Amino acid sequence: DGKVPIGRPIDNIRILIVGPDLRPVPPGEQGEICIAGVGLADGYLNRPDLTSAAFVVPPPETGESRMYRTGDLGRLIDDGLIEYCGRADGQ
């Protein structure tokens, strides 16, 4: 059926599927895959430019203090799995 499920987050990690405004999109809707939780890195080593672009403060309704923008597109499918849909950029 063309779906590429990539599973569920591991313990203490939260996956958010967000729109351009960084707010979570409804299940089934495509958005950018973001990672949050205690396992999140502090940033890129010696790359403050990349760190500030990818490690962002999400909107308060997410309940998270920071999240990592992966650049990957995905959606939450019916059984709670995350479906990979491609890249948000040309990478």
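What is Ala-54 in this model, buried or exposed? Ala-54 is buried, at a relative accessible area of 10% (buried is under 20%, exposed is over 50% and partly exposed is in between, with a 1.4 Å probe and protein chains only).

A quick note before the panels: this is a predicted model, where local features need pLDDT of at least 70 and side-chain atom pairs count only at pLDDT 80 or more, while totals for chains, interfaces and linings use all residues. Residues are numbered from 1 along each chain as its sequence is written, and side-chain values use heavy atoms, leaving out hydrogens and water.

**View 1. Ala-54 and Thr-51 both sit in helix α1.** Helices (H or I, at least four residues) and strands (E, at least two) are DSSP runs numbered from the N terminus. Skip the residues up to four places away in sequence, and Ala-54 still touches Tyr-44, Met-67, Tyr-68 and Arg-69 (contact means heavy atoms within 4.5 Å). Pro-9 is another story: it lies 45 residues from Ala-54 in sequence and 19 Å away in space, C-alpha to C-alpha. As for Thr-51, its 18% relative accessibility is why it counts as buried. A polar atom of the Thr-51 side chain is 2.8 Å from the backbone nitrogen of Tyr-44. Beyond residues up to four places away in sequence, Thr-51 touches Asp-42, Gly-43 and Tyr-44.

View 2. With neighbours within four places in sequence set aside, the contacts of Glu-32 include Leu-16, Ile-17 and Val-18, along with Thr-70, Asp-72 and Leu-73.

**View 3. The largest nonpolar core has seven residues.** They are Leu-16, Val-18, Leu-22, Cys-34, Ala-36, Val-56 and Met-67. At least two of this core's residues come from β2, and at least two from β3. To be in a nonpolar core, a residue must be a buried Ala, Val, Leu, Ile, Met, Phe, Trp, Tyr or Cys, joined to the set through side-chain atoms within 4.5 Å. Zoom in on Met-67: leaving out neighbours within four places in sequence, it is in contact with Leu-16, Val-18, Leu-22, Cys-34, Ile-35, Ala-36, Leu-40, Ala-54, Phe-55, Val-56 and Pro-58.

**View 4. The largest pocket holds about 180 Å³ of space.** The lining is made up of Arg-14, Ile-15, Leu-16, Ile-17, Pro-24, Val-25, Pro-26, Pro-27, Glu-29, Leu-76 and Ile-82. Strand β2 (residues 13–18) gives the largest share of that lining, four residues. By class, the lining has nine nonpolar, two charged and no polar residues (Ala, Val, Leu, Ile, Met, Phe, Trp, Tyr, Cys and Pro count as nonpolar, Asp, Glu, Lys and Arg as charged, and the others, Gly among them, as polar). On a 1 Å grid over the protein atoms alone, a pocket is an open set of points with protein on both sides within 12 Å along at least five of seven lines, and lining residues have an atom within 4 Å of a point. Points are joined across faces, edges and corners, and the volume is the space filled by probe spheres set on them.

**View 5. Thr-62 sits in the loop between β4 (55–56) and β5 (67–76).** Thr-62 is buried, with a relative accessible area of 4%. A polar atom of its side chain lies 2.9 Å from the backbone oxygen of Pro-59. Apart from neighbours within four places in sequence, Thr-62 is in contact with Arg-14, Leu-16, Leu-22 and Pro-24.

**View 6. Asn-12 and Asn-46 each have a positive phi without being glycine.** Phi is near 70° for Asn-12 and about 60° for Asn-46. Asn-12 lies in the loop between β1 (5–7) and β2, and is exposed with a relative accessible area of 58%. Asn-46 is in the loop between β3 and α1 (48–54), and counts as exposed at 68% relative accessibility. Asn-12 and Val-38 are 26 residues apart in sequence but 6.0 Å apart in space, C-alpha to C-alpha.

Methods. 1 Å grid on protein atoms, 1.4 Å probe; cavity = no way out; pocket = protein on both sides within 12 Å on 5 of 7 lines; lining within 4 Å. Polar contact = N/O pair within 3.5 Å; in protein donor to acceptor, adjacent residues only side chain to side chain.
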